[in-house]
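Subject: Structure handover

Hello,

I am passing a structure on to you. Please have it open while you read the notes below it.

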Amino acid sequence: MSLNEFTYPYDLPNNYKGPGSPIVKPGDESKPIPLTFTPITIKSLTLKNRLVVSPMCQYSSHNGEANDWHLSHYSSYAKGGASLVIFEAAAVQPEGRISYADLGIWSDEFIAPLKRCVDLVHRLGSTAGIQLAHAGRKASSIPPFLEGARNSIPSDQPNGWEVFGPSEIKFNDNMSLPHEMTKEQIKETIEAFKQGALRLLKAGFDMIEIHNAHGYIGNQFISPVSNQRTDEYGGSFENRIRFLLETITEIRSVWPTEKVLAVRLTCDEWLEDGSGWTMNDTIELVKILDTMDVDIIDCSSGGNSTKQKIKVEPLYQVPFADSVKKHTKNLFVATVGLINTGNEIEDILQQNKADIVMLARPFLRNPHFVYQVAKELNQTINYQIQYERGRE
Ligand SMILES: Cc1cc2nc3c(=O)[nH]c(=O)nc-3n(C[C@H](O)[C@H](O)[C@H](O)COP(=O)(O)O)c2cc1C
């Protein structure tokens, strides 16, 4: 699917490369294009700019299926010129949903509704990614914008179910006590990630991101806060990262090597006594991922402990990306979190602290955030053609 397959009653101009693509005006050939609007190619994925929609749960699915909300939501970012639209966390098993309204990828029935969204994103000139996720001990909770937000729904209530995690440790007192996963359940969950990846391939996605952050299951396994197992999936660093490494290997057995695979990491759990997962652990992990068939590390933080003390301020997670960039030879690096202006984005890229910038809330506030960044950086870009007159 490409731009010109859109059914307009005319052909698109030859030089129209879709919203968010830089335009070099006659006479401006020697003017440098900001890195923000300089394309980047990662394997088979070419991004027309560095502005990527960060995954955002929509809590809008009936039994895991994508619907018209997802179609309108994700296509709005494609029209707004984002180079890559990463769809929200999609649960690989029903019990891995953080809430009953999550998107899912545990059934073949979900392929066609997702493909409909992916095809539209492609036809509007963007690319599509998605997160593969399992909420583990955080599953079965109330969506964040409803009454009782984030509390667990007990398994004997409608829309609630039994939850599972690496160890029998609650996230907090408002959430369910997880059952410690048996080794068989661990294998089943890893297999579910693989089957999910196969379905996403059929749905036409360009990239997959494994959600190993914010206290989701991979994060639960790598952290001593939530993993106190005594078998080969707990204890030492090597044992705690086993779940993630096996998940990557299984996904890669079906997700072709030319297709991009990202891992979102909680780089640091923000525990003052250093008892959780730390940036030093992240660096050790990155050295291993550097030798595997992983393409992007998406640097986030927190979300696995109620004792976290996050220093929330603009660009607060950029140092994590910067540090990962300094310790990798092969991986592309994404940064995210309280990045709000074009100048901030351009500085991050100019200082080589990240290769791509993911944004969540700025795109919620303004799905055409890319147009705003272009104005701020004084770079002419293509608008969605019907929106051209909004330029001035
Ligand atoms: C509504 C909403 C839903 C989110 N859902 C997800 C998600 O599905 N997966 C994820 O890794 N992060 C999720 N996040 C976190 C964002 O991807 C992002 O990392 C965070 O909001 C910081 O970026 P920002 O300051 O640009 O919003 C969500 C954030 C918001 C606001």
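The notes cover the ligand, the pocket and the cavities.

The model is predicted: local features need pLDDT of at least 70, side-chain atom pairs count only at pLDDT 80 or more, and totals for chains, interfaces and linings use all residues. Residues are numbered from 1 along each chain as its sequence is written, and side-chain values use heavy atoms, with hydrogens and water left out.

Ligand first. There are 16 residues around the ligand, and Ser54, Pro55, Gln131, Leu338 and Arg361 come nearest (near means a heavy atom within 4 Å). This shell divides into nine nonpolar, five polar and two charged residues. Ala, Val, Leu, Ile, Met, Phe, Trp, Tyr, Cys and Pro count as nonpolar, Asp, Glu, Lys and Arg as charged, and the others, Gly among them, as polar.

- Ser54: 2.8 Å from an oxygen atom of the ligand.
- Gln131: 2.8 Å from a nitrogen atom of the ligand.
- Arg361: 2.6 Å from an oxygen atom of the ligand.

Taken alone, the ligand exposes 600 Å², and the protein buries 82% of that (Shrake-Rupley method, 1.4 Å probe).

Now the pocket. A pocket is an open set of points on a 1 Å grid over the protein atoms alone, with protein on both sides within 12 Å along at least five of seven lines; a cavity is a set where a 1.4 Å probe fits but cannot get out; lining residues have an atom within 4 Å of a point.

The largest pocket holds about 1,200 Å³ of space. Its lining has 46 residues, with Pro55, Tyr59, Arg150, His214 and Arg264 nearest the centre. Strand S13 (356–359) and helix H10 (361–365) each give two or more residues to this lining. H10 gives the most, with four. By class, the lining has 24 nonpolar, 17 polar and five charged residues.

Last, the cavities. Three are of 30 Å³ or more.

Best wishes

Technical notes:
Polar contact = N/O pair within 3.5 Å; in protein donor to acceptor, adjacent residues only side chain to side chain. Points joined across faces, edges and corners; volume = space filled by probe spheres on them.
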